[in-house]
Amino acid sequence: VDVRIINENGVLLDMGTPSDFFGELAQPKLETELYASGKLSKAALCNRLLLRKTMLQCGFYPITSEWWHFNACNKFYAAANHVLIP
């Protein structure tokens, strides 16, 4: 699933990039480096951490290349237990 966070007024929180931005700035695996270099704000980093914490608590798993994308299982489990819908 692709997920973002909104505030109480329905405004999207700052995540550092829009969803579906596929550059380095969107990659969770680079967040520490991006924050240290000033490319990712503290607010965006905190919002991403909140999103990941919440999704992990709900049983979803993040991926390393997109802050907004979470899976319910890994690709090997999915291939063995689910039918691909073309």
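User: In this predicted model, are Trp 67 and Trp 68 buried or exposed?

Analyst: Both Trp 67 and Trp 68 are buried.

User: How do you know that for Trp 68?

Analyst: Trp 68 has 0% relative accessibility. Buried means under 20%, so Trp 68 counts as buried.

User: Why is Phe 22 called exposed?

Analyst: Its relative accessibility is 55%. The cut-off for exposed is over 50%, so Phe 22 qualifies.

User: What makes Phe 22 and Trp 68 an aromatic pair?

Analyst: Their ring centres lie 5.7 Å apart. The limit is within 6.5 Å, so they pair. The planes stand at 65 degrees. Over 60 counts as edge-to-face, so that name applies. Phe 22 lies in the segment before α1 and Trp 68 in the loop between β1 and β2, so the pair ties together parts 46 residues apart in sequence.

User: Why is the pair of Trp 67 and Trp 68 called edge-to-face?

Analyst: The angle between the planes is 85 degrees. That is over 60, so the pair is edge-to-face. Ring pairs link Phe 22, Trp 67 and Trp 68 into a cluster.

User: What makes the contact of Arg 48 and Glu 31 a salt bridge?

Analyst: The N to O distance is 3.1 Å. The limit is within 4 Å, so the contact counts. Arg 48 lies in helix α2 and Glu 31 in helix α1, so the pair ties together parts 17 residues apart in sequence.

User: How do you know that Arg 52 and Glu 31 form a salt bridge?

Analyst: Here N to O is 2.4 Å. That is within 4 Å, so this is a salt bridge. Glu 31, Arg 48 and Arg 52 are linked in a network of salt bridges.

Key. Residues numbered from 1 in each chain as written. Predicted model: local features only at pLDDT ≥ 70, side-chain atom pairs only at ≥ 80, totals over all residues. Heavy atoms only, no water. Salt bridge = Lys/Arg side-chain N within 4 Å of Asp/Glu carboxyl O. Helix = DSSP H or I, 4+ residues; strand = E, 2+ residues; numbered from the N terminus. Phe/Tyr/Trp six-rings, centres within 6.5 Å; stacked < 30°, edge-to-face > 60°. Buried < 20%, exposed > 50% of the residue type's maximum accessible area, 1.4 Å probe, protein only.
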